Amino acid sequence: SPDGKVSLLPLPSRVLKEGEQIIVIAEDNDTYKPQTPHVEEVGPPPTFHPPQRHVEKILFCGWRRDIRDVLQQLDKLVQA
């Protein structure tokens with residue numbers, strides 16, 4: 001910048017002002033050349049269809065003393 005500050009990785013939206021310079025680090029003199037930016041035309045994104053939810057049945061085999069905690073945790077996860 002004109003005031004002597006160096007900005008590493010400036011935002012892509014940053015516009016150069018008069019008097020500012022760009023420093024390019026490249027492998028050699030032939031690997032980089034300044035060009036006008038290329039704008040790629042893209043179409044609309046695909047339509048998102050959320051997956052259909054379906055009822056699930058779970059069979060618990062055996063018994064645990066903390067089955068109540070397990071079921072409460074399962075209820076919390078299903079609500080999310």
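Asp66 belongs to the segment before α1. Its side chain is joined to that of Arg64 by a salt bridge, at 2.8 Å from N to O. A salt bridge requires a side-chain nitrogen of Lys or Arg within 4 Å of a carboxyl oxygen of Asp or Glu. Arg64 is likewise partly exposed, because its relative accessibility is 49%.

## Basis of the model

The model is predicted: local features need pLDDT of at least 70, side-chain atom pairs count only at pLDDT 80 or more, and totals for chains, interfaces and linings use all residues. Residues are numbered from 1 along each chain as its sequence is written, and side-chain values use heavy atoms, with hydrogens and water left out.

## Glu20 and its partners

The structure holds 2 salt bridges. One of them links Arg14 to Glu20, whose closest N and O atoms are 2.8 Å apart. Side chains of opposite charge can pair when their charged atoms come close. Arg14 is partly exposed, because its relative accessible area is 39%, whereas Glu20 is buried, because its value is 14%.

Glu20 lies in the segment before α1, a helix that covers residues 67–79. The pairing of its side chain with the side chain of Arg14 is also a polar contact, at 2.8 Å. Such a contact is a pair of N or O atoms within 3.5 Å; within protein, one must be able to donate a hydrogen and the other to accept it, and residues adjacent in sequence count only if both atoms are side-chain atoms.

## Nonpolar surface patch

Leu16, Ile22, Val24 and Tyr32 form a nonpolar patch on the surface, and together they have about 390 Å² of accessible area. Patches consist of residues with over 30% relative accessible area and no salt bridge; like charges are joined within 9 Å, and nonpolar side chains (Val, Leu, Ile, Met, Phe, Trp, Tyr) within 5 Å.

Tyr32 is located in the segment before α1.

## Helix α1 and overall dimensions

The secondary structure comprises 1 helix and 0 strands; helices (H or I, at least four residues) and strands (E, at least two) are DSSP runs, numbered from the N terminus. Ile67 is placed in helix α1 and is buried, because its relative accessibility is 11%. The C-alpha atoms of Ile67 and His49 are 36 Å apart in space, for a separation of 18 residues in sequence.

The protein has a radius of gyration of 29 Å, whereas a compact globule of 80 residues would be near 12 Å. This radius is taken over C-alpha atoms, and the globule rule is 2.2 Å times the number of residues to the power 0.38. The C-alpha trace spans about 75 × 35 × 25 Å along its principal axes. Of the 80 residues, 2% are buried. The protein exposes about 9300 Å², of which carbon and sulfur atoms supply 57%.

How values were computed. Areas by Shrake-Rupley, 256 points an atom, 1.4 Å probe, with all protein chains shown as cover. Buried < 20%, exposed > 50% of the residue type's maximum accessible area, 1.4 Å probe, protein only.
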